[in-house]
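This briefing is meant for someone meeting the structure for the first time. Please keep the sequence and the 3D view at hand while reading, and look up each residue as it is named.

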Amino acid sequence: MKELLLALPAGRETRGRSYGLTPAHMAYRIGPGPKLLGIRLPQGLRGGLMQVDCAGYDGAGDPVGCCRQILGECRRRSFRGIVCDFEGPPAGCLPKLVEILDRNCAAQGWALCVPECYAPHAPHARVLIPSALTHGTLERRLNMALERYGGRTALAVEWVREEFPLPARGRGEPMSQKRLEELLHRLEPAVFFDRGLCAHYFTYMKGPQAHFVLFDTPRSIREKLGLANRLGVAFTLLPQPELEPHLEEIFGPNT
């Protein structure tokens, strides 16, 4: 069964439930100790998943107590899973924390989602494959993940707005929607759709340097979701702030 998660900032409302999207509440962080830190959610909030990051945490300490806090919050809120929104390579006690969560989530029948670099520490977890690429194709990237992780493969959709000096390497410099719209209005560039990347792009000159701008729209998000569906990727994480104004375009009956 296909499941679509919507990463929902704390306190935000969403119409996503009417389109079959399950909220992943971005209200939690692992802090020094380690211990679970959280933004106060409405007392009666129940259901969905917990999404937890580790920004600013260096990995020091014993994770057992923090895992108890995380699992206890899941039981209290009737969350049915955890999204580990961890950036960067595994550090300190974080691999052990993921191992403990993986074992307990599997025993409870809860979902656990982890970045790919944590996959060796979480043999039962969904493995999040980011949709943003600057070379190759998303289809090839997902097929490689499916060969390696099978049904545990999950797509983490990013709404990209990035600028790169050419030749493009790694990740570009993020830009705001306002900046993107200003460039499109001022330059009136020829905009192309790259079916391999499932994203739009254009190029322009900034002085002597050629620049490449890669960006998403509701169309490109639909393409990403359609590709994941065709390949049999059954679990997708979506970003709510960017998607919320476009839910009808992406998930409506006429799309």
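The model shown here is predicted. One part of it is an open sheet of five strands, ordered β10-β9-β13-β12-β11 and paired in the antiparallel sense, and another topic below is strand β4, which pairs in the parallel sense with strand β2 and with strand β5. Strands of a sheet pair through backbone hydrogen bonds, either parallel or antiparallel.

**The five-stranded sheet**

- In the open sheet with the order β10-β9-β13-β12-β11, the edge strands are β10 (173-174) and β11 (192-194), each of which pairs on one side only.
- Helix α4, spanning residues 177-187, packs on this sheet and touches β9, β12 and β13, while its direction makes about 65° with that of β12.
- Helix α5, made of residues 218-231, lies across β11 and β12 and runs at about 130° to β12.

**Strand β13 and its two partners**

- Strand β13 covers residues 209-215 and is mostly covered, since five of its seven residues are buried.
- On one pairing, strand β9 (residues 161-165) runs antiparallel to β13 and is joined to it by five bridges; within this pairing, Arg161 has Phe215 of β13 as its bridge partner.
- On the other pairing, strand β12 (residues 199-206) and β13 are antiparallel over seven bridges, with Tyr201 standing opposite Leu214 of β13 and Phe202 standing opposite Val213 of β13.
- The hairpin of β12 and β13 has two residues between the strands, and in it Gly207 takes a positive phi near 65°.

**Aromatic rings and a charge over a ring**

- How many aromatic pairs does the model contain, by the rule used for counting them? The count comes to eight aromatic pairs.
- Phe202 and Phe215 form one of them, an edge-to-face pair with 6.1 Å from centre to centre and 65° between the planes.
- Because Phe202 lies in strand β12 and Phe215 in strand β13, this pair ties together parts that are 13 residues apart in sequence; Phe202 and Phe215 are also both buried.
- Ring pairs also link Phe164, Phe192, Tyr201 and Phe212 into a cluster.
- The charged end of Arg219 sits over the ring of Phe193, at 4.0 Å from the centre of that ring.

- Asp216 is found in the loop between β13 and α5. Is Asp216 buried or exposed? Asp216 has a relative accessible area of 3%, and because the cut-off for buried is under 20%, Asp216 counts as buried.
- The side chain of Asp216 reaches the backbone nitrogen of Val160 at 2.8 Å, and the side chain of Asp216 also makes a polar contact of 2.6 Å with the side chain of Lys224.
- When neighbours within four places in sequence are left aside, the residues in contact with Asp216 are Glu158, Trp159, Val160, Cys198, Ala199, His200, Ile221 and Lys224.

**Two residues of helix α1**

- Glu73 is found in helix α1, and at 12% relative accessibility Glu73 counts as buried.
- The side chains of Glu73 and Tyr28 are joined by a polar contact of 2.6 Å; neighbours within four places in sequence aside, Glu73 is in contact with Tyr28, Leu36, Met50 and Phe79.
- Gly65 also lies in helix α1, which spans residues 64-77, but Gly65 is partly exposed, with a relative accessible area of 36%.
- Gly65 and Ala7 are 58 residues apart in sequence, and their C-alpha atoms are 26 Å apart in space.

Methods:
Residues are numbered from 1 along each chain as its sequence is written. This is a predicted model: local features need pLDDT of at least 70, side-chain atom pairs count only at pLDDT 80 or more; totals for chains, interfaces and linings use all residues. Side-chain values use heavy atoms; hydrogens and water are left out. Buried means under 20% relative accessible area, exposed over 50%, partly exposed in between (1.4 Å probe, protein chains only). Helices (H or I, at least four residues) and strands (E, at least two) are DSSP runs, numbered from the N terminus. Two strands pair if DSSP finds at least two bridges between them. Contact means heavy atoms within 4.5 Å. Axes are lines fitted to C-alpha atoms, for helices over the stretch in contact, and angles run from 0 to 180 degrees between N-to-C directions. A polar contact is a pair of N or O atoms within 3.5 Å; within protein, one must be able to donate a hydrogen and the other to accept it, and residues adjacent in sequence count only if both atoms are side-chain atoms. Rings of Phe, Tyr and Trp (its six-membered ring) pair if their centres lie within 6.5 Å; planes under 30 degrees apart count as stacked, over 60 as edge-to-face and the rest as tilted. A charge sits over a ring if NZ of Lys or CZ of Arg is within 6 Å of the ring centre and within 35 degrees of the ring normal.
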